[in-house]
Amino acid sequence: MARKPKLLWIQSLTCNGNSHSFFNHSNLFSILSHFELIYFPLIETKYSLEDVLRKKVHSDILIIEGAIKEDLTKGGVNIKELIHHYAKESRYIITAGTCATFGGIFKQSEPEKISGFAFDKENEKEDILSLYEHRLISLPGCPIHPKWLSYVLLMIINRRRIPLDEKNRPQELYGFTVHTGCVRNEYFEWKIDTHGFGHKEGCSFYENGCQGPFTHGSCNKILWNDTSSKTVVGTPCFGCTEPDFPKERLFSTKTNMGIPQKMPLGIPKRAYLTVTGIAKSFKIKRLEKKVIDYEK
Amino acid sequence: MHKGYVLTKKELKRESILKTALKLFSAHGFHKTTIPDIANALNMSVGNLYNYFKSKDILAKEIIKYTSEVLGQEIQKVNLQNISSKEKIKKIVELYFKMAKEKPEMIEYFLRVYLSHREVFNDGCEGMLCVSGFVTEIMIFFDNGVESGELRNQDFFSAFGLFMGYLGGMVFLKGENILPKKLDEYIDDISENIYNALKA
Ligand code: SF4
Ligand code: SF4
C-alpha cells in the first residue's frame, strides 16, 4: 500500500479558530485516517512542535492557519521562513481561514506588515504565487467550515481534480454566494425586511447588513453544525470569506439615500433597482404575516 | 420604446396610439376622453384600437409607463455622463423643463391624470410599478452623488420629493399661467437651490 500523505498544520498569527472548527468535524478521525498526521495543535502526534520548528519533519500537504507577518517568531524560529521551508516540499498548500488567505482580522492591527500567505486582501503577492500557484488552495472563512477542509482533503486522497477560481478557491465551495440556499430567499425576492434579529420571517439585506448576496461561500448549502447558518437563524452574514473582511458596522446595511451600496454579486445597480422597485410595489399578505402566531 | 432595434409595424402603431391618447387625455381630461375619440383622432376603427388596448384604463396605465420610460431614458443619458452631480442637476432641470415645453402633454399627464385619478391606477400601477423607469434613474443619480461624496446621504423620499416636487410644482405654476417669467429663466436659480439642498 502506498504510504499515507503527511499532513502538517502550521499556525502563524491566529486565534486557533480554524483548528477548533476542524476539530469539531463529525467524522474527524475517519478523515484523518487517510493521512499521517504530523502536527495538528489539538491532537497529539508522534512529533512535537519543537520537531516542527527544528525542521525535523516532512510535509506533503501543508495547512497554514493564521496571517503572515515578516518578523513573527515562535520558539526563536521565523514562522514565515518555516512555512516556506515546508511549502517547498509540499504537494498541496492549503490556507485555512481568511487570515491565512487574505490577512483577515489580524491584518487590522498592522495593515502594512500583515497579510495572507499568497494574497494581501484582494491583491496577489506575485513572488509567492509564482512559486506555489499550482499547489495552492485558498479556503477563506472566519472560521472555515470543517467540511470545506474535509472536502479538499478527500478530493486529494481520491486523486480528483479540484476546480479552482482566480483566487485559488474551490469552485464547489465558493462558486456560489452565501445567499444561495438561505431560507429567507422568498423574502428577499419580495423585498420584505426582517425588522430585528432572530425572527423566522423576513430578510436581513435591507436593514441589518446581510452580505450573503455578495459573499462567496456555501454556508447555506453545507450547514454549520450540520444544522443551520447565520442567515437562517436571523443574523446577517458578515462576509467573512471575502478579501475585505472584516468591514465595519456589520449589523447595518450601508445605503446611499436608502439604496444599498453593495449589489448582489454581478448584478448591475440599474437592473437591481428596476426589479426592486417593481417587487416592492406589491403587498404580499402571506409574507407580511408571522408564520406562527405564538399569542394564540 | 427600446433603443437598439427597429420597431415593428405593430409596435409603431402601438406607440402612435399611446402618443395620441396621451395628448387627448392631457388636453380634455381622463373621463371626458373616450376610446372612440382616440380612434377617431388616429383614423382607425374602435375595434382595431381594442386589439391593441383592451380598455381605457389599461391604455391609461400603459401611457404612464411609456412617459416614465421616455423621461427615464433622458435622465439615463445625463447619468452616464462623466460630470459632477451639480452639473447633472442642472441638466436634469433643463431636460424636465424642455420636456414641459416641447411635450407638455407628458408632464401634464403625470400631474393631472396619473396623480389625480388614483382609482384608475391603483390596480396595476401600485407603488412604483408604472413609474419605475423614471424613479430608477433618479435613484442612480442619488446613489452616484452620495458614492462620490458630493451629495449628502439622506432619506430617499426627502430628497426625491424635494427634487421632483419642486420641478413638478414649477411646471404646474407655469400651466396655471402664474409664473411671470419663462420657465427657462428659472433654470439657474432652481438648479442652485436643489444643489444646495442636496449637497454634502
Ligand atoms: S438573509 Fe441574507 S442570505 Fe438570507 S435571503 Fe436575505 S440577503 Fe440572502
Ligand atoms: S454566513 Fe457569512 S459571516 Fe457567517 S460563516 Fe458564512 S460567510 Fe462567514
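Biologist: Which side chain meets Lys80(A) in a salt bridge?

Modeller: First, a caution: this is a predicted model. Now the general idea. Side chains of opposite charge can pair when their charged atoms come close. Here the partner of Lys80(A) is Glu70(A), at 3.1 Å from N to O. Lys80(A) sits in helix α4 (residues 79-89) of chain A, while Glu70(A) is in the loop between β4 (68-69) and β5 (73-74), so the pair ties together parts that are 10 residues apart in sequence.

Biologist: How many salt bridges are there over all chains?

Modeller: A search of the whole structure gives 23. Take Arg169(A) and Glu166(A), whose side chains meet at 3.6 Å, N to O.

Biologist: Is Arg169(A) buried or exposed? And is Glu166(A) buried or exposed?

Modeller: Read the relative accessible area. Buried means under 20%, and exposed means over 50%. Arg169(A) has 2%, so it is buried. Glu166(A) has 56%, so it counts as exposed.

Biologist: What does Lys247(A) form with Asp244(A)?

Modeller: A salt bridge, with the closest N and O atoms 3.7 Å apart. Lys247(A) counts as partly exposed because its relative accessibility is 23%. Asp244(A), at 24%, is partly exposed by that reading. Elsewhere, salt bridges that share partners link Lys69(A), Asp71(A), Glu110(A) and Lys113(A) into one network.

Biologist: Now charges in a patch. Which residues form the negative surface patch?

Modeller: A patch of this kind takes residues with over 30% relative accessible area and no salt bridge. The members here are Glu124(A), Glu126(A), Asp127(A) and Glu133(A). Look at Asp127(A). Its place is in helix α7 (residues 126-132) of chain A. Asp127(A) has 54% relative accessibility, so it counts as exposed.

Biologist: On to the backbone. Which peptide bonds are cis?

Modeller: Start with the general rule. Most residues other than glycine have a negative phi, and most peptide bonds are trans. Among the cis bonds here is the one from Cys142(A) to Pro143(A), with omega near 0 degrees. Find Pro143(A) in the loop between β11 (136-139) and α8 (146-157) of chain A. Another cis bond joins Phe245(A) and Pro246(A), where omega is about 0 degrees. Pro246(A) lies in the loop between α11 (230-233) and β12 (255-256) of chain A.

Biologist: And phi? What is the phi of Asn16(A)?

Modeller: Near 75 degrees, a positive value in a residue other than glycine. Asn16(A) is in the loop between β1 (6-11) and α1 (17-23) of chain A. At 31% relative accessibility, Asn16(A) counts as partly exposed. Lys55(A) is not a glycine either, and its phi is positive at about 60 degrees. Look for Lys55(A) in the loop between α3 (49-53) and β3 (61-65) of chain A. Its 32% relative accessibility makes Lys55(A) partly exposed.

Biologist: Let's move to chain B. How many residues of helix α6 are buried?

Modeller: Count residues under the 20% cut-off. In α6 (residues 104-114) of chain B, eight of the 11 residues are buried, and the helix is mostly covered. The buried ones include Glu105(B), Met106(B), Ile107(B) and Tyr114(B).

Biologist: What do the buried residues of α6(B) pack against?

Modeller: They pack against five named helices of chain B: α1 (9-28), α4 (56-79), α5 (85-102), α7 (118-121) and α9.

Biologist: Next, a single residue. Where is Gln154(B), and which residues is it in contact with?

Modeller: Gln154(B) is in the loop between α8 (132-147) and α9 (156-175) of chain B. Set aside its neighbours within four places in sequence. Gln154(B) is then in contact with Met257(A) and Gly258(A) in chain A, and with Ala159(B), Ala197(B) and Leu198(B) in chain B. Gln154(B) has 16% relative accessibility, so it counts as buried.

Biologist: Last one. How many residues apart in sequence are Gly161(B) and Thr8(B)?

Modeller: Check sequence and space together. Gly161(B) and Thr8(B) are 153 residues apart in sequence, and 38 Å apart in space from C-alpha to C-alpha. Gly161(B) is in helix α9 of chain B. With a relative accessible area of 38%, Gly161(B) is partly exposed.

How values were computed: Residues numbered from 1 in each chain as written. Chains lettered and ligands numbered in written order. Predicted model: local features only at pLDDT ≥ 70, side-chain atom pairs only at ≥ 80, totals over all residues. Heavy atoms only, no water. Patch = residues over 30% accessible without salt bridge, like charges linked within 9 Å, V, L, I, M, F, W, Y side chains within 5 Å. Areas by Shrake-Rupley, 256 points an atom, 1.4 Å probe, with all protein chains shown as cover. Salt bridge = Lys/Arg side-chain N within 4 Å of Asp/Glu carboxyl O. Lys, Arg positive; Asp, Glu negative; His and termini not counted. Charge placed at Lys NZ, Arg CZ, Asp CG, Glu CD. Helix = DSSP H or I, 4+ residues; strand = E, 2+ residues; numbered from the N terminus. Buried < 20%, exposed > 50% of the residue type's maximum accessible area, 1.4 Å probe, protein only. Contact = heavy atoms within 4.5 Å.
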